Amino acid sequence: PDVNFDAIVGAARSAVSGPIATLAGIDQIPQVSYWSTSAGLEDKGAYPYFLRTIPSDSAVSYGAAQLFDSFDSNRFSLLARDPIFRCAHPCLCIAGFV
């Protein structure tokens, strides 16, 4: 059957959004993801019709670095839930930086 799409919403994971964006881009169909945060999806050459409603990992990391820099300290610790910062432990990550 002939099916027409105006846009695709999703996927929630970057690993799924990439292949969908590649295929959707062939037919110039926009894709909007609400949860895919991979910085690799910012490549407009590879994913010209991919959009997102959440900041990329690189944008969040840059913002966090700017925030920590504003504290005028040379030591801090970070407590985060995986998978946000790709920690080794499946539930919790504690990272110290100097």
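This is a predicted model: local features need pLDDT of at least 70, side-chain atom pairs count only at pLDDT 80 or more; totals for chains, interfaces and linings use all residues.
Is Ser 17 buried or exposed? Its relative accessible area is 0%, so Ser 17 is buried. As for who surrounds it, if we skip residues up to four places away in sequence, Ser 17 touches Gly 10, Ala 11, Gln 31, Ser 33, Ser 36, Leu 41 and Phe 50.

Let me step back to the whole chain for a moment. The protein has 2 helices and 5 strands, and along the sequence they come in the order β-α-β-β-α-β-β. There are 98 residues, and 24% of them count as buried. If you take contacts between residues at least 6 apart in sequence, 18% of those join residues at least 24 apart. The accessible surface is about 7100 Å², and carbon and sulfur atoms account for 61% of that.

Now to a second residue I'd like you to look at, Thr 37. You'll find Thr 37 in the loop that runs between β2 (31-33) and β3 (50-52). Thr 37 has 15% relative accessibility, and because buried means under 20%, Thr 37 counts as buried. Which residues does Thr 37 contact, leaving aside neighbours within four places in sequence? They are Ser 14, Arg 52, Ile 54, Pro 55, Ser 56 and Asp 57.

For contrast, let's go out to the surface. Val 9 is in strand β1, residues 8-9. Val 9 has 67% relative accessibility, so it counts as exposed. Together with Tyr 34 and Trp 35, Val 9 makes up a nonpolar surface patch, and the three share about 390 Å² of accessible area.

Last, a word on confidence. The average pLDDT for the protein is 82, and 78% of the residues score at least 70. Where does pLDDT stay under 50? That happens over residues 87-92, and for this stretch the model has 10 contacts beyond four places in sequence.

Methods:
Residues are numbered from 1 along each chain as its sequence is written. Side-chain values use heavy atoms; hydrogens and water are left out. Helices (H or I, at least four residues) and strands (E, at least two) are DSSP runs, numbered from the N terminus. Buried means under 20% relative accessible area, exposed over 50%, partly exposed in between (1.4 Å probe, protein chains only). Contact means heavy atoms within 4.5 Å. Accessible areas come from the Shrake-Rupley method with a 1.4 Å probe; for residues, only the protein chains shown count as cover. Patches are made of residues with over 30% relative accessible area and no salt bridge: like charges are joined within 9 Å, nonpolar side chains (Val, Leu, Ile, Met, Phe, Trp, Tyr) within 5 Å. A salt bridge is a side-chain nitrogen of Lys or Arg within 4 Å of a carboxyl oxygen of Asp or Glu. pLDDT is the predictor's confidence in each residue, from 0 to 100.
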